[in-house]
Each structure stands twice: as structure tokens, then as C-alpha cells.
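Good morning, and thank you for joining this group meeting.

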Number of protein chains: 2
Amino acid sequence: MERVPILKIGDVLLVSIQVDLQDQTVLALQEDLAARIVATGAHGVIIDITAVDIVDSFIGRMFATIASMSRLMDAETVVVGMRPAVAITLVELGLSLGGVRTALDLEEGMRLLGTRVAAARPTHPAGTP
Amino acid sequence: MERVPILKIGDVLLVSIQVDLQDQTVLALQEDLAARIVATGAHGVIIDITAVDIVDSFIGRMFATIASMSRLMDAETVVVGMRPAVAITLVELGLSLGGVRTALDLEEGMRLLGTRVAAARPTHPAGTP
């Protein structure tokens, strides 16, 4: 069984979904995510679905489940990178993802969670003219 | 054909490899990455291989190719999340990844590239006692 890797950036956990999610994979992801939130004390979870072009109601419910679960552990969930076709399908399925915050891309999602990323090469480092 | 999504955090591009890479996918990834470096002016590329448990010489060379290509476009490449078994295989294949920087995880990789991520919830926001 494939496991979706969970990355950590600051105090945000990042899950980038690229594989077709089987029911077992989704259940494993929820468990892994809960364990990582506890282990790292993360305050945010970002689920990136840029690569997802087909959703069904099971996946749709997964977002809501992860969001509710994370909230109980004091972490906020943001779903980022949703394609227009996916948004249309979710609405047609009657899943409006109430309680799940969304953002256009990863950077917007991190901004929503209040995480700031400093540029790798500051043009004018402090102390230099 | 599956395409590996490329995420952007600050001025770093993040590629998280989760699928078994076919030759075509690798070529597409290299093209996409080059295009994104130009489009975003990114100064760093992080390739996360946490989910990769099998490598062959083609994948090994991919890291070196991406690193060389990125360097020509003024972006530094860091490979993060390598499993011990993958490291052993690469050495056995005679691929020591010269010219490719590595780090244990995403956060270490971002630190290596000089990117700082600020905590989502500062305990003492500026201006408050």
C-alpha cells in the first residue's frame, strides 16, 4: 500500500496528493497525519491537490474529516491548488466543504495560516548599505 | 502521462516525488522545472524523495541533471528525505551525486538554501507585552 508522505515546513504540515487515493490510503493518511500533528505540535495542515484531477464523494469527505480531526488537535486545515473541474465536481456532488478553508496555491495557504517565508537571498541584508 | 506537481514556497520550488518515475515523466519534470524556474525567478529547488524507496541509475542521473540545469539558471538544488536504503543503492550503482546537495528533511533543505519560515503563531507578537 502506498503512503502519502507528510512534509513539515515551520509549524505547518504539508500533504501533496499525487496518487489515486484508494480507501486504505486515505485511512492511513488520516492516521499518519493525526500522529504527526501530535508528534510535531503543528498548528496548520495544508493539503495540496494540484495534481488531483478527479474526485469522488469519498475524497470530498476526506477533506472534511481531516479538517475536523485536525481542529480537535488545534490545527487548522487549508486545501490548496484545487482545479476548476474539481471544484465543479465537488459542488455537483453536493459537497461544499463546509468547515474547510481553501486557497489558490501553497503560498496563499501558508499566508492564510499566518506563516511567513523569508526570501532565500535578501537583496539588502541587515547591516550592509 | 502523470506529471509531478511543482510547488512554490517563497523563492524555492518544491518537487515531492511520490509516483514511480517513468522515463517520460522524468523528462516532463525537467522541462516543467526549467520553465517554472524561469517563470518564477526561483533561486532554489528542493526535491523531496521521502516516498521513494527504489532507485535505479536513471533516477540517480536525474538528480544530477536537474541540479546542473538549475545551476545554469542560477538556482541551487537540494535533494531531501533520502532513505538509508536509497543511499546504499545509489552508492552501489556508483552514483555519488557529485554536485547535488542533500539534507535530511525539507526544513534542513530550506535552511541550507537560506530560507527562513516564521512560526504561524508567534508567542509574543511585536508590540505586545
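**Salt bridges within and between chains**

Arg101(A) counts as partly exposed, because its relative accessibility is 35%; here buried means under 20% relative accessible area, exposed over 50%, and partly exposed in between, with a 1.4 Å probe and protein chains only. This is a predicted model, in which local features need pLDDT of at least 70 and side-chain atom pairs count only at pLDDT 80 or more, while totals for chains, interfaces and linings use all residues. Residues are numbered from 1 along each chain as its sequence is written, chains are lettered from A and ligands numbered from 1 in the order in which they are written, and side-chain values use heavy atoms, with hydrogens and water left out.

The side chain of Arg101(A) forms a salt bridge with that of Glu76(A), at 2.4 Å from N to O. A salt bridge is a side-chain nitrogen of Lys or Arg within 4 Å of a carboxyl oxygen of Asp or Glu. Glu76(A) belongs to strand S4 (residues 76–80) of chain A and Arg101(A) to strand S5 (residues 101–103) of chain A, so the pair ties together parts that are 25 residues apart in sequence. Helices (H or I, at least four residues) and strands (E, at least two) are DSSP runs, numbered from the N terminus. Glu76(A) is also partly exposed, at 31% relative accessibility.

Which residue meets Lys8(B) in a salt bridge? The partner is Glu107(A), at 3.1 Å from N to O. Lys8(B) lies in strand S1 (residues 6–9) of chain B and Glu107(A) in helix H4 (residues 106–112) of chain A, so this pair joins two chains.

Over all chains, the structure holds eight salt bridges.
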